[in-house]
Amino acid sequence: MVSIQESANAQPPFVDIQIYIDYYSAVKFTKVESRESKVVNLIATFHFLLSSLKEGDLMVKRRVGVKGDNLLSWLRIFTGNSNIELVGKICKQLRTPVGQSEVKSFSDGEINVEIDESVRGMDVFVIQSICAPINDNLMELLILIDALKRASAERITAVLPYYGYARQDRKVLPRAPISAKLVADLITTAGASRILTVDLHAGQIQGFFNIPVDHLFAAPVLLNYLKRLKKEIVIVSPDAGGVERARAYAKRLNSALAIIDKRREAPNVSQVMNIIGDVDGMVAVLVDDMVDTGGTLARAAHALIEKGARAVYACCTHPVLSGRSVEVLMESPIVEMIVTDTIPLREEAKTCPKIKVFSISNLLADAIRRIYKDESVSCLFV
């Protein structure tokens, strides 16, 4: 005899086809019809649908009714210790709690992860910036993914607001490593099914992965502030490698473009900054994907002022800000530097009056929601 256990908290069963039905109404029994009759009818309906489907209608995902799941009931978000504040903002936007887990270190430095709730069959997003302490945060990410994979999570998306080791994306010297590729292999081997990241140092890093990569840009967040300057501005690339990024900003702001050409005329001679483009009497905005020591931006700002720029602003996605970067920024002619919260600021940077932080939590939350619901994220690739 066929029987079924009714429960107020019953979850839909797993199926291997893309069928969106109201499971709860299908198994709701009335006094008129027997339980056995309802179950037999439900099984017969599935067999009919299976026989009418073509091979192309099959799907990997087994969750029922995800597209109509506005409560995100199959979504779980976990994080390490790299950027807890950003994760809190993302979860607030999604109206879902942070997953119950504990990420800690033993006395000898080994990282230990404990997942304190069931993730079987769930669509899991692990949010972790690979920033300082970079190796600890990378290991936290890898161990979290491995733990979730072994806990039978259906899909694991690694959300990397900042992708560390991205600057080591090619061999610049003989016998040099390509560490960005190594990190990609580690994340994939750990068990990630998809990558979601922001403003990679080099776009071709996407090709280092053999899994889908959604590469977002922080431009929509930063452009909103630049539009409020209401001045005649010129977008400046601090080096030849950032011309494409600067051109994209200039196009959306309908502004002029300038490029700084750095050349070392002779050994042991300081670099010469040549400005390509007109900056005289204009407000210059230096655009880069990250700011580390701040030396390049500071020297570029001095060169722009010497060429007649009225004021200099800086606009960077990732505030790495290592070493004496804050001191260098304060000594430079840069009026203000606009950054995002892909990396949490250290205490010295938080108190710096020249640094203004904008959050990308809305952008990442929207992307996570769209990925979870199998919707297009192309509208976010601005």
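Predicted model: local features only at pLDDT ≥ 70, side-chain atom pairs only at ≥ 80, totals over all residues.

User: What span should helix H4 have, and how far apart are its end C-alpha atoms?

Analyst: Helices (H or I, at least four residues) and strands (E, at least two) are DSSP runs, numbered from the N terminus. The expected span of a helix is 1.5 Å times one less than its number of residues. H4 covers residues 134–150, so its 17 residues should span 24 Å; the end C-alpha atoms lie 25 Å apart, which agrees. After H4 comes Ser 152, with a positive phi near 70°.

User: Which residues of H4 are buried, and what covers them?

Analyst: Buried means under 20% relative accessible area, exposed over 50%, and partly exposed in between (1.4 Å probe, protein chains only). In H4, the buried residues include Asn 137, Glu 140, Leu 141 and Ile 145. Their cover, counted by contact (heavy atoms within 4.5 Å), includes strand S1 (75–79), strand S5 (155–160) and helix H5 (179–190).

User: Is Thr 197 buried or exposed?

Analyst: Thr 197, in strand S6 (residues 194–198), is buried because its relative accessible area is 2%. Its side chain reaches the backbone oxygen of Leu 160 at 2.7 Å. Among the residues that Thr 197 touches, not counting those up to four places away in sequence, are Tyr 163, Val 213 and His 215.

User: How many salt bridges are there?

Analyst: A salt bridge is a side-chain nitrogen of Lys or Arg within 4 Å of a carboxyl oxygen of Asp or Glu. That rule gives a count of 19. One of them joins Arg 245 and Asp 288, at 3.8 Å from N to O. This pair links distant parts of the chain, 43 residues apart: Arg 245 is in helix H7 (residues 243–253) and Asp 288 in strand S11 (residues 283–291). Asp 288 has a relative accessible area of 13%, so it is buried.

User: Which other residues pair with Glu 327, or link up in a network?

Analyst: Glu 327 bridges to Arg 324, with the closest N and O atoms 3.0 Å apart. Glu 327 is partly exposed at 37% relative accessibility, and Arg 324 is partly exposed at 48%. Salt bridges also link Glu 85, Lys 89 and Asp 341 in a network.

Methods
Residues numbered from 1 in each chain as written. Heavy atoms only, no water. Polar contact = N/O pair within 3.5 Å; in protein donor to acceptor, adjacent residues only side chain to side chain.
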